[in-house]
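Hi,

Here is the structure I promised to pass on.

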Amino acid sequence: MIRIFVDMRGLVKLQNTYAQLGKRFDKDMLAPEVKQAARLGLIIAREEVPVKSGALARSLRVAMLGDLSFNIEEGENYGKYVRSGVKPHPIFPRVKKALF
């Protein structure tokens, strides 16, 4: 799972600026932009996935975790190995007598 968190450090300053202008600012005003960022993140993640069968790229999904954060999740169980790699280990033939 790829976790992306939107950091809202300037949110209080932005709310104060809106208040000085006599307008109300709400986090909900940013929700569409965060959803757009989630869609763009999904597109980038799908482009970065190595393609053999395409199953891993097709299994990527966006899960919104509220208004201002989201996860990009993979549905295939081997996704974490593709993303993080594995430590070196011996491999042995299972079906045939040689690995070629």
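Below is what I found, going from the whole chain down to single residues.

This is a predicted model, so local features need pLDDT of at least 70 and side-chain atom pairs count only at pLDDT 80 or more, while totals for chains, interfaces and linings use all residues. Residues are numbered from 1 along each chain as its sequence is written, and side-chain values use heavy atoms, with hydrogens and water left out.

The protein has 4 helices and 3 strands (DSSP runs numbered from the N terminus: H or I of at least four residues for helices, E of at least two for strands). Their order from the N terminus is β-α-α-α-β-β-α. Of the 100 residues, 21% are buried, meaning under 20% relative accessible area with a 1.4 Å probe, protein chains only.

Helix 2 (residues 31–48) spans 26 Å from first to last C-alpha over its 18 residues, close to the 26 Å expected (1.5 Å times one less than the number of residues). Its buried residues are Ala-31, Val-34, Ala-38, Gly-41, Leu-42 and Ala-45. They sit on the same side of helix 2 because they cover an arc of only 105 degrees around the axis, taken from the directions from the helix axis to the C-beta atoms.

Strand 2 (residues 61–64) and strand 3 (residues 69–73) run antiparallel and are joined by 4 bridges; strands pair if DSSP finds at least two bridges between them. Arg-61 has Glu-73 in strand 3 as its bridge partner. In this hairpin, 4 residues lie between the strands, and Gly-66 takes a positive phi near 115 degrees.

Cheers

Note on methods
Buried < 20%, exposed > 50% of the residue type's maximum accessible area, 1.4 Å probe, protein only.
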